[in-house]
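I am opening my notebook to record what I looked up in one structure, entry by entry. The sequence and the model come first, and my notes follow.

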Amino acid sequence: MKREILEVAGFVGLIGVYVGFNETLAGKAFFIIPAVIACGGYALYAVTASRSTRLEYGIRVDNIGRATKLTVLVLGPLAVALVGIAVARGAAAPPRSFYVALLIYPIWGIVQQFLFQSFLHTRLIRLGVTPWSVLIVAVLFAIVHPSSAGMFWITLVGGLAASAIFLKCPNIFPLGVGHGILAAFVYYLLFGKDPLATFLT
């Protein structure tokens with residue numbers, strides 16, 4: 001238990017550093033690419049470590065059908081609502097990079113779900129703080145998206161939904177894909193931003 005407490009504390013500390021230097025780190029390739037490599041390496045270690053770890057972390061395919069149904073059931077209406085809001089507000093047609101984002105954002109979504117669900121949420125579950133773990137993960141997830149109050153509340157709702165799904169049926173792959181699609185909708189359709197334009201700047 002002491003190890004889990006230290007790991008959670010370290011994760012929260014990293015979030016503090018990220019938030020403190022958000023303007024420098026957010027959406028930048030020099031941060032995202034090493035983060036993807038580091039998370040991928042840790043995920044590979046988790047996959048090879050033991051079957052029980054893989055199952056706990058949601059790196060699995062045995063429940064992918066059920067997890068996909070839950071993800072679509074919960075996140076699908078959020079996607080429809082985002083499109084409806086964008087249309088009602090008369091949002092301009094998204095740039096071509098929006099369609100590129102729809103293809104690559106799910107990869108970054110899986111990475112983030114690995115961080116917040118596989119790593120953080122499983123440790124909170126081990127510490128016996130469920131169901132509060134759902135709220136804790138969602139709040140921390142929202143904190144790393146502090147660009148606006150609107151973004152905070154949107155990511156808080158998304159974080160609550162994703163964490164509840166993971167608690168019920170741990171699998172980060174459908175969650176990551178749904179996360180990536182929703183993120184593209186939020187940035188391009190709702191806020192009119194093009195994160196890919198600043199990726200390499």
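This is a predicted model: local features need pLDDT of at least 70, side-chain atom pairs count only at pLDDT 80 or more; totals for chains, interfaces and linings use all residues.

**Entry: helix H5**

I began with helix H5, which runs over residues 64-88 and holds 25 residues. From its first C-alpha to its last I read 34 Å, which is close to the 36 Å expected at 1.5 Å a residue. I then looked for a bend, and found a kink of about 35° at Leu75, shortly before the proline Pro77. After the helix comes Gly90, and its phi is positive, near 70°.

Next I asked which residues of H5 are buried. They are Ala67, Leu70, Thr71, Leu75, Ala79, Leu82 and Ala86, and the cover over the buried residues of H5 includes helix H8 (149-168) and helix H9 (172-190).

**Entry: residues in and before H5**

I picked out Thr71, which has its place in helix H5, and it counts as buried because its relative accessibility is 6%, where buried means under 20%. Apart from neighbours within four places in sequence, Thr71 is in contact with Gly76, Ile165, Pro174 and Leu175.

For comparison I turned to Ile64, also a residue of helix H5, whose relative accessible area of 33% makes it partly exposed. With neighbours within four places set aside, its contacts are Asn171 and Pro174. I also checked Ile64 against Arg126, which is 62 residues away along the chain, and the two C-alpha atoms are separated by 23 Å.

Ile59 sits in the loop between helix H4 (51-57) and H5, and at 13% relative accessibility Ile59 counts as buried. Leaving out residues up to four places away in sequence, Ile59 touches Ala43, Ala46, Val47, Arg54, Phe114, Ile172 and Phe173.

**Entry: salt bridges**

I reminded myself that side chains of opposite charge can pair when their charged atoms come close.

The side chains of Glu7 and Arg3 meet at 3.1 Å, N to O. Both residues lie in helix H1, four residues apart, which is about one turn of the helix. Are the two partners buried or exposed? Glu7 is buried, with a relative accessible area of 16%, whereas Arg3 counts as exposed at 60%.

Glu7 also forms a salt bridge with Arg123, at 2.5 Å, N to O. This pair links distant parts of the chain, since Glu7 is in helix H1 and Arg123 in helix H6, 116 residues apart. Both Glu7 and Arg123 are buried. Through shared partners, salt bridges join Arg3, Glu7 and Arg123 into one network.

The side chains of Arg126 and Glu4 meet in a further salt bridge, at 3.1 Å, N to O. Arg126 lies in helix H6 (residues 97-126) and Glu4 in helix H1, so the pair ties together parts that are 122 residues apart in sequence. Arg126 counts as partly exposed at 35% relative accessibility, while Glu4 counts as buried at 13%.

**Entry: a nonpolar patch**

Last, I looked at the surface, where Val19, Trp132, Leu135, Ile136, Val139, Ile143 and Leu160 form a nonpolar patch with about 540 Å² of accessible area together. Helix H7 (residues 132-143) gives the largest share, five residues. Val19 lies in helix H1 (residues 2-20), and Val19 is partly exposed, with a relative accessible area of 30%.

Notes: Residues are numbered from 1 along each chain as its sequence is written. Side-chain values use heavy atoms; hydrogens and water are left out. Helices (H or I, at least four residues) and strands (E, at least two) are DSSP runs, numbered from the N terminus. The expected span of a helix is 1.5 Å times one less than its number of residues. The bend at a residue is the angle between axes fitted to the seven residues ending there and the seven starting there. Buried means under 20% relative accessible area, exposed over 50%, partly exposed in between (1.4 Å probe, protein chains only). Contact means heavy atoms within 4.5 Å. Patches are made of residues with over 30% relative accessible area and no salt bridge: like charges are joined within 9 Å, nonpolar side chains (Val, Leu, Ile, Met, Phe, Trp, Tyr) within 5 Å. Accessible areas come from the Shrake-Rupley method with a 1.4 Å probe; for residues, only the protein chains shown count as cover. A salt bridge is a side-chain nitrogen of Lys or Arg within 4 Å of a carboxyl oxygen of Asp or Glu.
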